[in-house]
Amino acid sequence: MQGADVIIVGGGIAGAGAAYEIAAFASVILLEREPRCGYHSTGRSAASFTENYGNAVVRRLAIVSRPFLENPPPGFCEHALLTPQPVITIARTDQLPLLLQQLDQARALVPSITRIEAAEAVSRVPILRTDYVAGAFIEPRSMEIDVHGLHQGYLGGARVRGARVVIDAGVTAVERRGEQWWVTTPAGIFAAPLIVNAAGAWADVVAEMAGVRPLGLTPKRRTAFTVPLPPGLESRNWAMIDDVAEEFYFKPDAGRLFVSPADATPSAPLDAYPDDLDVATGVERLERATHLNVTRVAHSWAGLRTFASDASPVVGLDGDARGFCWLAGQGGYGIKTSPALSRACAALVRGRPLPQDFARLGIGADELSSDRLRG
């Protein structure tokens, strides 16, 4: 048996970020079921930082996360984590009322978001069809995230602080013995008085192993693919395009176009694969909105985004299970909110209030607690 102050289950962005923050004041063992950390959802992210995506809690968490992503601690990473990439939200004629409604909601938290003419949207991303785009608004301070750099920064920083990262350590049993959680894996048995459940799509499964009442978290499949762009078309400075009804989004990606039909199909926790129908749907929506004629999909993949019933993340100690901490339900927002959620987790496992920057934006621990989902 190998012991520590805290065991973290899951080596994706959530578990890695928590390990980084918690290792500053406690000994940590991070357990990852795959041969490498970040194999599932973290490694399949759209990598966009926007303060205008997700519900009100998620958007505020993104705002809290921005300073860390813009100015990570010295030695955290070798290169900048953020690269400017504005997001333009577009609407057809029939979607204009929704566009105006979303613009008002967006500006309440992000005043820099402004409406632009349809012609400007087309000039910024010239593959858009002028007979498709009837209105648009732009988030000029949106960014693209170096997901790999962020994830490796967390893992490397956690190790520097003394954390141990164990791969090929899928959890097979969790048992409370006195003051300790005992976690059985193929890599050995590990024990700690506190366990952080950062298992993503498997978070409810891990809870049930531990005898903790699950939260009803729902993994949902999201499909993405890349398509070639016509030769000679310069796309490096294009904005990301988001449909106002979340029917699709696309952005330039190393000379290709990264596209998603924005699907959200409930799934069991598993290694997700793209469905041909979802890819075809994405191609059809892309062709309807642009001048592109897609003859080949270069690469396709899928990942699971796991949601609580109210689409807000779950962070903090379980009120019914001593020493059991949730860090789950990040949905499709776990990368951009990871700095905030990691700090929140570190504060809450110590029994401390959320940091002051959370309070300034009105984010309370009750909005993140598992208790809210159990009535």
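Over the ring of which residue does the charged end of Arg33 sit? In this predicted model, the charged end of Arg33 sits over the ring of Trp202, 4.5 Å from the ring centre. The points below cover ring contacts and then sheet architecture.

**Aromatic and charge–ring contacts**

- The structure contains 13 aromatic pairs.
- Among them, Tyr20 and Tyr154 form a tilted pair, with 5.9 Å between centres and 50° between the planes.
- This pair connects distant parts of the chain, since Tyr20 belongs to helix H1 (residues 13–22) and Tyr154 to helix H5 (residues 147–160), 134 residues apart.
- Tyr20 and Tyr154 are both buried.
- A stacked pair is formed by Tyr249 and Phe258, at 6.5 Å centre to centre and 20° between the planes; Tyr249 and Phe258 are buried.
- One aromatic cluster comprises Tyr20, Phe68, Phe76 and Tyr154.
- Tyr20 also has a charged residue over its face: Arg161 lies 4.0 Å from the ring centre.

**Four-stranded sheet**

- Four strands make up an open sheet of mixed pairing, in the order S1-S13-S12-S11.
- Strands S1 (2–3) and S11 (173–177) each have a single partner strand, so one side of each lacks a neighbour in the sheet.
- S1 and strand S13 (residues 188–192) run parallel and are joined by two bridges, with Gly3 opposite Ala191 in S13.

**Three-stranded sheet**

- An open, antiparallel sheet has the strand order S4-S9-S5.
- Its edges are S4 (48–49) and S5 (82–84); each has a single partner strand, so one side of each is without a neighbour in the sheet.
- Two bridges link S4 to the antiparallel strand S9 (residues 143–145), where Glu144 is the bridge partner of Ser48.

Technical notes
Residues are numbered from 1 along each chain as its sequence is written. This is a predicted model: local features need pLDDT of at least 70, side-chain atom pairs count only at pLDDT 80 or more; totals for chains, interfaces and linings use all residues. Side-chain values use heavy atoms; hydrogens and water are left out. Two strands pair if DSSP finds at least two bridges between them. Rings of Phe, Tyr and Trp (its six-membered ring) pair if their centres lie within 6.5 Å; planes under 30 degrees apart count as stacked, over 60 as edge-to-face and the rest as tilted. Buried means under 20% relative accessible area, exposed over 50%, partly exposed in between (1.4 Å probe, protein chains only). A charge sits over a ring if NZ of Lys or CZ of Arg is within 6 Å of the ring centre and within 35 degrees of the ring normal.
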